[in-house]
Amino acid sequence: MKKKIWIILLTLGLQGFGQERAFTEQDTLRGSITPQRAWWDLNFYHLKVQVDPDEKFISGSNTVRYTVLTEAQELQIDLQPPLVIDKVIQDGKTLNFRSNGNAHFIDLIKPQQIGEINEVTVHYSGHPREAKNAPWDGGFSWKRDGAGKPFIATSCQGLGASVWWPNKDHMYDEVDSMAISVTVPKGLMDVSNGKLRKMEDHGEIRTYHWYVSNPINNYGANLNIGDYQHFGETYHGEKGDLPLDYYVLKEHLEQAKIQFKQTRKMMEAFEHWFGPYPFYEDGFKLVEVPYLGMEHQSSVTYGNGFKNGYLGRDLSGTGWGLTFDFILIHESAHEWFANNITYRDIADMWIHESFTSYAEGLYLDYHYGKNAAAEYTIGTRANINNDRPIIGPYDVNRSGSGDMYYKGANMLHTLRQLLEDDEKWRSILRGLNEEFYHRTVSTQQIENYISKRSKIDLTAFFNQYLRTAPIPMLQYEVDGKQVRFRYTDIVDDFDMPVKIKVNQNWHWIYPMADWKTKVFDKEVGSIEIDKNFYIASQKLVRNH
Ligand SMILES: [Zn+2]
């Protein structure tokens, strides 16, 4: 049952952006660094949106500030129908644009000179796409709370932020900072990313001005509207005092005050393993939403019912999954792997999900010890399909297999065994968050960094786990004092050592594609492969 539910969720997750279908021109316009994107570097967005809950209608503008890198006159902005661009303005002049599906190409009048900082403001409006199954198949969720008041949220990973606001909708170029001004009917509150700077009233409406002072990826920006209650506390962390703020519906206030005590435990565990929370200046928030949850930067959204587990279930089947709130822990871990270190192309989404799924185990490691973590991570193997590679096709906005979650976590768990040095492993995880602080990265950068720091050439290791579907099969046979062994189902040059227990003692063996033999000093009675290594094994029995 557990497994079945998880598979359904993963399948739904793939509908939005991982589904197998032929690639179109729209995929390329969305998923590649087109010439109309490449010539300018994003500096700042000021997104203004007015939300009309009764009409399910939005209108507003986004001012895009950018630096000219090379001379060009045509600038691409993405916005998905049914939303429409009403007008585009630069320096007070209205500009022409042509549209190709979700991509809009603006003709700039003013010559764009290298090094210049310019602004263009895109006005838009319409009835945004409604989320069919948030957050996987996202858009706007228009719900009501228990008292019948509007309860509204956005989610858009994969689908793209252009489903609800106009922007440069490719992950490679993160904006350096962002202002978000959301206008709602009085009696409702908007909670977006970063810090609330001020509120302004105009008759029956109120505008909430939020400000994010750090780089933020497109899908990380969000608005959440409801009749929220706020409570908060201060966490004394590695970089000083960090405000923890919580926004929940009135009807859940008491439950939230108990459940969100885990936030401090989360922060303690992840600062230990990954280094300081990456957005002290913006604070940390948990915001209740009418869907399961999402890693929105500095305003992590939460809809797990104030219960431990994944909607009350343990994804590992070991019991450990019920000792923590899956959404609180998982989505918050994304602040390090997704929001701090961000993929440039969604094909490399493992950088977000493998480390974050692995982080669930590290949370347990910190609070309950190494064995708890190992049991949990090994338990999550029941969710792995080995159906297709974890890395997806590049430049078409398509992610790879859902195995990026738990196969990826088990790959990292295996890597820790190879290092045999937990402090070194922790320094690599922290090092990643320092080296790629507030940056967008490719898988190659992450792979090279780990190889360099571990002093192990992990090229074949990553090729095996990220770029092919099957896992290594260790075949072995016992003959007196001898054990013969080899790998099958492996990529070229794969030669990962493995630990085996022979007659109650652990030994390293060094299998490759060709048969090798290890001779022990006594008759081999019992033999066991270390479960911490994510491989398959098969004992062959010889016919004498
Ligand atoms: Zn995730």
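Everything below comes from a predicted model, in which local features need pLDDT of at least 70 and side-chain atom pairs count only at pLDDT 80 or more, while totals for chains, interfaces and linings use all residues. Residues are numbered from 1 along each chain as its sequence is written, and side-chain values use heavy atoms, with hydrogens and water left out.

As for confidence, the chain averages a pLDDT of 95, and 96% of the residues score at least 70. Over residues 1–19, though, the pLDDT is below 50, and this stretch has 36 contacts in the model beyond near neighbours in sequence. (pLDDT is the predictor's confidence in each residue, from 0 to 100; contact means heavy atoms within 4.5 Å.)

(Buried means under 20% relative accessible area, exposed over 50%, and partly exposed in between, with a 1.4 Å probe and protein chains only.)

Next come two of the helices. Helices (H or I, at least four residues) and strands (E, at least two) are DSSP runs, numbered from the N terminus. Helix α11 covers residues 443–454, twelve residues in all, and reaches 17 Å from its first C-alpha to its last, close to the 16 Å expected at 1.5 Å a residue. That expected span is 1.5 Å times one less than the number of residues in the helix. The buried residues of α11 are T443, I446, E447, Y449, I450, S451 and S454, and their cover includes the helices α7 (350–368), α9 (406–419), α10 (422–435) and α12 (459–467), along with the strands β21 (341–343) and β22 (439–441). Just after α11, K455 takes a positive phi of about 60 degrees. In helix α8 (residues 370–379), the buried residues are A372, A373, A374, Y376, T377 and G379; what covers them includes α6 (326–333), α7 and α9.

Charged pairs are next. Searching the whole structure turns up 24 salt bridges, each being a side-chain nitrogen of Lys or Arg within 4 Å of a carboxyl oxygen of Asp or Glu. One of them joins E447 and R467, at 2.8 Å from N to O. E447 sits in helix α11 and R467 in helix α12, so this pair ties together parts that are 20 residues apart in sequence. E447 is buried, with 4% relative accessibility, whereas R467 is partly exposed at 29%. Salt bridges that share partners also join D365, K370, R416 and D422 into one network.

Another salt bridge links D91 and K110, whose closest N and O atoms are 3.1 Å apart. D91 is in the loop between β4 (84–90) and β5 (93–94), and K110 is in the loop between β7 (103–107) and β8 (117–126), so the two tie together parts that are 19 residues apart in sequence. Here D91 counts as exposed at 54%, and K110 is partly exposed at 27%. Within helix α10, E423 and R426 are three residues apart, about one turn of the helix; their side chains meet in a salt bridge of 3.1 Å, N to O. R426 is buried, at 16% relative accessible area.

Finally, consider G139, placed in strand β9 (residues 139–144). Is G139 buried or exposed? G139 is buried, with a relative accessible area of 0%. Setting aside neighbours within four places in sequence, G139 is in contact with R129, A131, A153, T154, S155, L159 and V163. G139 and V163 are 24 residues apart in sequence, yet their C-alpha atoms are 6.2 Å apart in space.
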